[in-house]
Amino acid sequence: MAKLQQAIVLKKCPTGIRGFDEISSGGLPKGRPTLICGSAGCGKTVLAMEFLLRGAIQYKEPGVFVSFEETPKDLTQNFASLGYDLNDLIARKLIAMDHVYIERSEIEETGEYDLEGLFIRLAYAIDSIKAKRIVLDTIESLFSGLTNVGILRAELRRLFHWLKDRGITAVITGESGEKSLTRYSLEEYVADCVILLDFRIREQISTRRLRIIKYRGSSHGADEYPFLIEKTGISILPLTSLLLDHTVSNEHISSGIPRLDNMLAGNGFYRGSTILISGTAGTGKTSFATKFVEAACKRGERCLYLAFEESTNQIIRNMKSIGTDLAPWVKKGRLKFHASRPSLYGLEMHLVTIHKLIVEFKPKIVIVDPVSNLTAVGTPVEVKSVLTRLFDYLKASHVTTLLTDLIHFGSSLERTNEEISSLIDAWILLRDIEINGERNRGLYILKSRGMAHSNQIREVLLSDRGIELVDVYLGPGGVLTGSARATQEAKEKEEARDYQYEVDRRTHEAERKRKVLEAKIEGLRSEFDMESEELHIISADEKKRHKVGIANRSEMARLRKADRSTDSRKKGRKRT
Amino acid sequence: MKNKPVEKKKPAKSAPVEEVWILRLYVAGQTPKSIAALANLKCICEEYLAGKYQIEIIDLLKNPLLAKGDQILAIPTVVRQLPPPVKKLIGDLANTQRVLVGLDIKTA
């Protein structure tokens, strides 16, 4: 209900300026005056001019530009700098212009007067093109031209009422004052909407900001919004909504290094995630990034490579040394480099440039190499704010972002200079391991949201075959890498060989013993067989003899017909 | 209209003291201030520039375009077209002293 009522009460006049209509929920108050104030050179005139131009061209609302400072010639040039031909617009009756010139030395005040002349001029200009919008830039020049402030204030009040009555959406610019928003307190008259522009220089890099101080009868963003004046006009970057409601992908994409994919639960990174590769200088961050890029290009995805440290050609040349040739992908249009010095322009400008590139190129992968170089451009808070917006934007567009972060020697490894660790989904730490006078590269996965990643350190080997991840030596001697690992491994191998030899020897020995024993057993067995054979023969013999003996005895008994003792029987048998 | 002063300028050559004054009074309708300004202007001219002045009254309500051409903001405004340089006086000309200074009229 409240919203509906507001819509009826307050109509908005869209400005068409990128970002402004979002933060002002629809534009400037229609039919009312708006004050744009700010110090010299902060972009008041450009903002006002763009409001008028876009109104005339996009919304078919002709506008009048009343300049109190600049001559028509200057204005034509100013308009031309935004890419518009003022004379053409005037001829098409979309824009009318009036230059109000006041020079105090030429004017003598001799009594009571009013500014009816100005009203007549405005009315004439407005009527001649049926203007809906007007810009007064900057009306406070009247104060320097005329001395009777009492009359001026009364007339200004009348002017704004008059403009309101005519339903003209007016933009009035005013220079910042020391104690009040404008030098001559124009805000007292223009009470509907006040916009403050600011121009700050920090570390020799300037950032423009815009804030809606007041917007009667409308909700509006209350923050300071950084803005830029580009070739095409102003663009304001509203801080992205802090609602974390973007949809997520379950798709995995390869890191370009099979072993690393393995460490990441076997599948690589999630699509649309923000990946950070941090490490000290020379740990191979860029190499990892380019492997990732190469893998993406092979999948047929577009990649945008934002290089803040090296030139395009340098990266392409250097990456050939690890067997990654990016040049064909650049040629095919799958890979786009954007190399620039971070200090080339302010952070916001970088953001807008990146934004623009992403919109134009529609990449699936964005590499920022290195993100730490952006810290040179702003304070940590600013950098974080800019990066948050960038990552949010990229995430919302399902773009996978890979950042490299240079950690300076001496600072904590598990902390980024930009305080962006909380924005990161997967964090790979590359670190130097210095043992026995050599440096080797170690790789950890510090975190990887939503997957069971490996907690093991791996040694990174960079060679012309690419990036290899090998297990480090983990043993009683601690973690060993590089040649120490190789030595240790060789040593172990030798030890193993010795051991194996020993085992073999003992096995042979045992075999031999077994064979000897077996032979012995065989001999015994045959002896035993012989014995038993003998025994058998003897027993058979004995049986036979026994039989014969009995027969003999019975024969003899038969012959003697007498009983004989067994002894005599035996003797007699033996004798025979 | 501008031809007239040129014609009058010819005799002025012989007598350089004699000057031609062309004064334009810009008004917007018959407002009390405009009427007062015209009355004051006539009065002053009669007193100091008798016989060598000319007053043109321009009503901006009838000729709004002239306001732009002559850079008129305040009403009423008197513009000294001649003699050069161009001088502007705004207000109802009630302050005679200022008018004389503004028009650069040398008082005896």
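Which residue in strand 19 of chain A does A:Thr274 stand opposite? The residue is A:Thr401. That pair is a handy way into this predicted model, where local features need pLDDT of at least 70, side-chain atom pairs count only at pLDDT 80 or more, and totals for chains, interfaces and linings use all residues. Residues are numbered from 1 along each chain as its sequence is written, chains are lettered from A and ligands numbered from 1 in the order in which they are written, and side-chain values use heavy atoms, with hydrogens and water left out.

Let's stay with strand 15 of chain A, residues 274-279. Helices (H or I, at least four residues) and strands (E, at least two) are DSSP runs, numbered from the N terminus. Six bridges tie strand 15 to strand 19 (residues 400-406) of chain A, and the two run parallel. Strand 15 also runs parallel to strand 20 (residues 426-435) of chain A, this time with five bridges; here A:Leu276 has A:Trp427 as its bridge partner. For strands to count as paired, DSSP has to find at least two bridges between them.

How many of the six residues of strand 15 of chain A are buried? Six of the six are, where buried means under 20% relative accessible area, exposed over 50%, and partly exposed in between (1.4 Å probe, protein chains only). In a regular strand the side chains alternate between the two faces of the sheet. In strand 15, A:Thr274, A:Leu276 and A:Ser278 point one way, A:Ile275, A:Ile277 and A:Gly279 point the other way, and all are buried.

Now zoom out to the whole of chain A. It has 16 helices and 25 strands, and 48% of its 576 residues count as buried. Among its contacts (heavy atoms within 4.5 Å) between residues at least 6 apart in sequence, 69% join residues at least 24 apart.

For an antiparallel pair, look at strand 22 (residues 458-463) and strand 23 (residues 466-471) of chain A, which are joined by six bridges. They form a hairpin with two residues between them, and A:Leu462 has A:Ile467 as its bridge partner in strand 23.

A:Leu228 sits in strand 11 (residues 225-230) of chain A. With a relative accessible area of 8%, A:Leu228 is buried. Leaving out residues up to four places away in sequence, A:Leu228 touches A:Gly233, A:Ile234, A:Ser235, A:Glu348, A:Met349 and A:Val352.

A couple of backbone details in chain A are worth a look. The peptide bond joining A:Asp137 and A:Thr138 is cis, with omega about -20°; A:Thr138 is in the loop between strand 7 (133-137) and helix 7 (141-145). A:Lys60 has phi near 55°, a positive value in a residue other than glycine. You'll find A:Lys60 in the loop between helix 3 (44-58) and strand 4 (63-67) of chain A, and at 62% relative accessible area it is exposed.

Chain B has its own cis peptide bond, between B:Leu82 and B:Pro83, with omega about -10°. B:Pro83 lies in the loop between strand 3 (77-82) and strand 4 of chain B. B:Lys62, in the loop between strand 2 (53-59) and helix 3 of chain B, is exposed at 66% relative accessibility.

So where do the two chains meet? The contact takes 27 residues from chain B and 24 residues from chain A. Together the chains bury about 2200 Å², 59% of it on carbon and sulfur atoms; buried area is the accessible area (1.4 Å probe) that two parts lose on being put together, summed over both. In chain B, the residues losing the most area to chain A are B:Gln71, B:Leu73 and B:Ile90, together 33% of what that side buries. B:Gln71 lies in the loop between helix 3 and strand 3 of chain B, is buried at 16% relative accessible area, and has a positive phi near 55°.
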